[in-house]
Amino acid sequence: MTFKRALVTGASSGIGEATVRALAADGWRVLATARRAGRLEALAAETGCEWVAADVTTPEDVDAVVEAAAAAELTAVVHVAGGALGIDRVDEADPDLWRRMFELNVIATLNLTRRCLPLVRAAGRGSLVFLTSTAAHGTYPGGAGYVAAKHAERQIATTLRLELGGEPIRVIEIAPGMVKTEGFSLTRLGSAEAADTVYEGVEAPLVAEDVAEAVRWSLGVPEHMNVDLMVLRPVAQSSHTTVARHPLAVKGDA
Ligand SMILES: NC(=O)c1ccc[n+]([C@@H]2O[C@H](COP(=O)([O-])OP(=O)(O)OC[C@H]3O[C@@H](n4cnc5c(N)ncnc54)[C@H](OP(=O)(O)O)[C@@H]3O)[C@@H](O)[C@H]2O)c1
């Protein structure tokens, strides 16, 4: 049985934080990374994970993550750091926001993949997990920048799977739809009030723990099984653009 040592990016909140908890509870030794050191420190006190604070879009910080990962003898890398900025239509899009989304979701994922792959190879076998999105599989008005970045991130995984054919390295894509997390819509829309409207009237959006369970399960299946792609949505979201919303109760209703 291969030893269980995972690097998890985006570990200071939402899906990444829940993934650290799920893997640590499942016997994995986890190296957690994100920018906010205080939150990683608290997570380490709770789960026993190791951590390194880093901005994955900054080369020196990536060096520090890779150095820590080399010491941890990795068998899995879980790329969670990512996100969306804005909901501008194409004709009103801000190229700078697109550039930042590409830097985080695509280029940082590429860099960490390139740098960590030799570590996984040295371990003898392992898994690379890419947390994309249903936005990697379809589009919606106002989504083009994020959709384009997630499509590009997905192609790192799909191409790498072909290129690694014959090596004992699994390439896994987990693509969630609507997940109500602390940071995603807040970062995208800029205020808690605006973020709340995303989930308004939706009976039960996915939560970070749902997605973390998918990651944990995909890594735990027998080593000859590769979960190429897992698409997860809440029952209330029947397609990328179709979400059932209950009318909100009016104050004074019985
Ligand atoms: N929520 C959804 O509906 C949803 C659906 C599908 C896919 N996803 C994807 O799931 C992933 C996690 O999203 P989430 O919902 O958990 O959002 P979140 O709560 O905002 O978490 C984002 C994580 O990424 C880290 N991060 C952001 N910029 C970074 C940078 N430059 N360097 C290092 N770390 C950085 C953040 O930590 P710091 O701020 O501390 O750096 C945080 O830990 C993203 O890739 C997102 O695209 C989300």
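Visitor: Which residue is the bridge partner of Thr-9 in S2?
Guide: In this predicted model, strand S1 covers residues 5-9, and 5 bridges join S1 to strand S2 (residues 29-34), the two running parallel. Within that pairing, the bridge partner of Thr-9 in S2 is Thr-33.

Visitor: Are the two faces of S1 covered or uncovered?
Guide: In a regular strand the side chains alternate between the two faces of the sheet. In S1, one side carries Arg-5, Leu-7 and Thr-9 while the other carries Ala-6 and Val-8, and all of these are buried. With 5 of its 5 residues buried, S1 is mostly covered, and both of its faces are covered.

Visitor: In what order do the 7 strands of the open sheet stand, and which strands are at its edges?
Guide: The 7 strands pair in the parallel sense and form an open sheet in the order S3-S2-S1-S4-S5-S6-S9. Each edge strand has a single partner strand, so one side of each is left without a neighbour in the sheet, and these edge strands are S3 (50-53) and S9 (229-232).

Visitor: By how many degrees are neighbouring strands of this sheet turned against each other on average?
Guide: The sheet in question is the open one with the order S3-S2-S1-S4-S5-S6-S9. Ignoring direction, its neighbouring strands are turned against each other by an average of 15 degrees.

Visitor: Which residue of S5 is the bridge partner of Val-78?
Guide: Strand S4 (residues 76-79) pairs in the parallel sense with S5 over 4 bridges, and S4 also pairs in the parallel sense with S1, over 3 bridges. In S5, the bridge partner of Val-78 is Val-129.

Visitor: Why is S5 described as largely enclosed by the rest of the structure?
Guide: Gly-126, Leu-128 and Phe-130 point one way from S5, whereas Ser-127, Val-129 and Leu-131 point the other way, and all are buried. Strand S5 (residues 126-131) is therefore largely enclosed by the rest of the structure, the number of its 6 residues that are buried being 6.

Visitor: Is Ile-172 buried or exposed?
Guide: Ile-172 lies in strand S6 (residues 169-176), and, leaving aside residues up to four places away in sequence, Ile-172 touches Ser-127, Leu-128, Val-129, Ser-218, Asn-226 and Val-227. A residue counts as buried if 20 or more other C-beta atoms lie within 10 Å of its own. Because Ile-172 has 24 other C-beta atoms within 10 Å, Ile-172 is buried.

Visitor: Which term describes the angle of H1 to H8, and what is the handedness of their crossing?
Guide: Helix H1 (residues 14-25) and helix H8 (residues 208-220) pack with their axes 8 Å apart, at an angle of about 50 degrees. That angle makes H1 oblique to H8. The residues of the contact divide into 8 nonpolar, 2 polar and 5 charged, and the crossing in which H1 passes H8 is right-handed.

Notes:
Residues numbered from 1 in each chain as written. Predicted model: local features only at pLDDT ≥ 70, side-chain atom pairs only at ≥ 80, totals over all residues. Axes fitted to C-alpha atoms, helices over the stretch in contact; angles between N-to-C directions. Parallel < 35°, antiparallel > 145°, perpendicular 65-115°, else oblique. Left-handed = near helix turned anticlockwise from the far one by under 90°. Nonpolar A, V, L, I, M, F, W, Y, C, P; charged D, E, K, R; others polar. Buried ≥ 20, exposed ≤ 12 C-beta atoms within 10 Å, placed from the backbone. Pairing = 2+ DSSP bridges. Contact = placed C-beta atoms within 7 Å.
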